[in-house]
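I opened this entry to look up a few things in the structure and keep the answers in one place. The notes follow the order in which I checked them.

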Amino acid sequence: VETRLIEFRNIENKLFAVMLADQLVDSLSAVYSFFDPDPSDRSPGTYMILWLVEHARELGLDYVYLGYWIEDSPKMSYKNRFRPLERLGPDGWTV
């Protein structure tokens with residue numbers, strides 16, 4: 001596994017977000033990310049995920065893994081917005 005620290009900067013080169021991601025044989029995995037909550041009219045978390053998806057395409061990788069998900073956790077609910085979503089539940093994998 002190759003782990004990368006990806007910095008996201010604005011046009012003035014000010015750091016506004018960071019993502020720790022693993023590159024595996026067939027995928028990129030978002031391990032952890034954090035960002036400046038100001039300005040609040042932006043969606044840096046969504047931007048980082050979309051960037052990771054595009055980067056996976058550029059690398060010819062098949063999957064992007066958004067990490068562990070707890071369905072009842074409000075902080076993790078954003079993961080449900082990205083499709084297709086494959087998840088492991090009590091009855092196995094579902095799409």
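**Salt bridges**

I began with E2, which counts as partly exposed because its relative accessibility is 44%. The model is a predicted one, and I read every value here as computed from it. The side chain of E2 meets that of R4 in a salt bridge, 3.3 Å from N to O. R4 is also partly exposed, at 27% relative accessibility.

I then searched the whole structure for salt bridges and got four. Side chains of opposite charge can pair when their charged atoms come close. Among the four is one between E7 and R9, at 2.9 Å from N to O. I looked up both partners: E7 is partly exposed at 46% relative accessibility, and R9 is partly exposed with a relative accessible area of 36%.

Another salt bridge joins the side chains of E54 and R57, at 3.7 Å from N to O. I asked why these two are separated by about one helical turn. They are three residues apart in helix α1, so the separation comes to about one helical turn. R57 has a relative accessible area of 61%, so I noted it as exposed, the cut-off being over 50%. E54, with 37%, is partly exposed.

**Chain overview**

Along the sequence the pattern reads β-β-β-α-β-β-β. The C-alpha trace spans about 50 × 30 × 20 Å along its principal axes.

I checked how much of the chain is buried: 27% of its 95 residues. The chain exposes about 7300 Å², and carbon and sulfur atoms supply 53% of that area. For contacts with a separation of 6 or more, I found that 32% are between residues 24 or more positions apart.

**The sheet**

Next I traced the strand order. Four strands form an open sheet in the order β1-β2-β3-β4, with mixed pairing. The edge strands are β1 (2-9) and β4 (63-65), each of which pairs on one side only. From one strand to the next the twist averages 30°. Helix α1 (residues 44-58) packs on this sheet and touches β1, β2, β3 and β4. I noted that its direction makes about 160° with that of β3.

I went through the pairings. β1 and β2 are antiparallel over eight bridges, and E7 has V18 in β2 as its bridge partner. This is the E7 that forms a salt bridge with R9. The hairpin of β1 and β2 has five residues between the strands, and N13 there takes a positive phi near 70°.

β2 (residues 15-23) and β3 (residues 27-35) also pair in the antiparallel sense, over seven bridges. A17 has F35 in β3 as its bridge partner.

**Two residues in β3**

In a regular strand the side chains alternate between the two faces of the sheet. I picked S29 and F34, both of which I placed in β3. Is S29 buried or exposed? S29 counts as buried, because its relative accessibility of 10% is under the 20% cut-off. Leaving aside neighbours within four places in sequence, S29 contacts L20, A21, D22, L24 and Y65.

F34 is partly exposed, at 46% relative accessibility. I found F34 again in a nonpolar surface patch with L5, L20, V31 and Y32. Together these patch residues have about 510 Å² of accessible area. Which strand gives the most to the patch? It is β3, with three residues.

Last I looked at Y63, which lies in strand β4. Y63 is partly exposed, at 48% relative accessibility. Which residues does Y63 touch, not counting those up to four places away in sequence? The contacts are D26, S27, L28 and A56. I also looked up the spacing of Y63 and S27: they are 36 residues apart in sequence, and their C-alpha atoms are 4.5 Å apart in space.

Terms used
Residues numbered from 1 in each chain as written. Predicted model: local features only at pLDDT ≥ 70, side-chain atom pairs only at ≥ 80, totals over all residues. Heavy atoms only, no water. Pairing = 2+ DSSP bridges. Axes fitted to C-alpha atoms, helices over the stretch in contact; angles between N-to-C directions. Contact = heavy atoms within 4.5 Å. Patch = residues over 30% accessible without salt bridge, like charges linked within 9 Å, V, L, I, M, F, W, Y side chains within 5 Å. Areas by Shrake-Rupley, 256 points an atom, 1.4 Å probe, with all protein chains shown as cover. Buried < 20%, exposed > 50% of the residue type's maximum accessible area, 1.4 Å probe, protein only.
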